[in-house]
Amino acid sequence: MDPTTALHRVSVIIDGLVFFSDGSARDMRAGGVTAINLTVSDMGADFEQALKDAMAWRQRCQAPDSPWLLVERVDDIARAKQTGRLGLIMGWQNGRPLGDQLDRVSLFHALGIRVIQLTYNEANLLGDGCLEKRNAGLSNLGVEMVKEMNRVGIAIDLSHCAEQTCLDAARHAGKPVFLTHANANAVIPRPRNKSDAVIKAVAQTGGVIGCSIHAYLNWRGDPRQQPTLDDFVANVRHIGKLVGYEHVGIGTDFPSVDTYEAVRHVMVMSRTKYAASGGDFSNAFGDVMEARYPVETPDPSHFPAFTQALHKAGLGDSQIASVLGGNFQRAFAQAWTAA
């Protein structure tokens, strides 16, 4: 076994964002992934739907011979690695189910939710998303939700948030905040990518930026060329040099499914409803999920290619292990500790 393969096998590997799962853990486990932050509720889910989704995933984890292990504390990530199951970190990509009720943070924490992205692309009661032209930042309610999530122990995700929302959240947070799946605008300008100022603000909280392989964040505009792992590595290197590799992770934005047909509805939704963030790519390549990822990693079973790419880029073994999952593991431990 070559050293890079050996490093991949012994490392704790955390995918900072998986946007959907039909219950299949097959490809993630085949790729050696330890745990994933899975979006367990649709981006538009309301309070009642979010309750149903959390309970459905808890039951899935409790089923006999389940390949899933529910992650409610950081030690559960190590337990997933030891037992060969896939750790489930239940998360949302929209704070909408919280409404204007602060006590819902504790309720959903009790059900196992451990990551909440404050806003999706548009505005909600907490603040502005990245496609809102006004860039107004957090609302007064949003500031209170940030403090309550810190108090209870739910990690704050800012990946789809507007610039000012990110800066406001980092300023008001007393614990690490996260960009679970976002890249640097300085490398590839895209509507969903973040400024160096936001990346620095996240790092200053002790947080982690999960560099993504998704084409919506990596495409350079050539209709003849879908993104490659070189684009992913360019973001890792830029952010690593900017704030230190201890603040870099991986957030693929893969689904965890048996076949990509299970996410066709999301492919169409992202092209039509959110054309401003990725419609140009979909117009060039069509609604083909494989095209949204590097040619070297069309699905999660190819996760070892990330380790090889990081090694080829000149990162040392300890840096690679940190980027693969150690950094998320450390920062989640801090974010999940109740105040």
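Colleague: How are residues numbered, and which pLDDT do local features need?

Modeller: Residues are numbered from 1 along each chain as its sequence is written. In this predicted model, side-chain atom pairs count only at pLDDT 80 or more, totals for chains, interfaces and linings use all residues, and local features need pLDDT of at least 70.

Colleague: What volume has the largest pocket?

Modeller: A pocket is an open set of points on a 1 Å grid over the protein atoms alone, where a 1.4 Å probe fits, with protein on both sides within 12 Å along at least five of seven lines. Points are joined across faces, edges and corners, and a volume is the space filled by probe spheres set on them. For the largest pocket this gives about 220 Å³.

Colleague: Which element gives the most to the lining of the largest pocket?

Modeller: Lining residues have an atom within 4 Å of a point. Helices (H or I, at least four residues) and strands (E, at least two) are DSSP runs, numbered from the N terminus. Two or more lining residues come from each of β1 (14-21), β2 (35-39), α3 (47-62) and α11 (264-272). With 5 residues, the most is given by α3.

Colleague: Which element supplies the largest share of the lining of the second largest pocket?

Modeller: The second largest pocket holds about 190 Å³ of space. Of its 13 lining residues, Arg9, Arg29, Gly32, Val33 and Lys81 are the closest to its centre. At least two lining residues come from each of α1 (3-10), α2 (26-30) and α4 (75-83). The largest share, 3 residues, comes from α1.

How values were computed
Heavy atoms only, no water.
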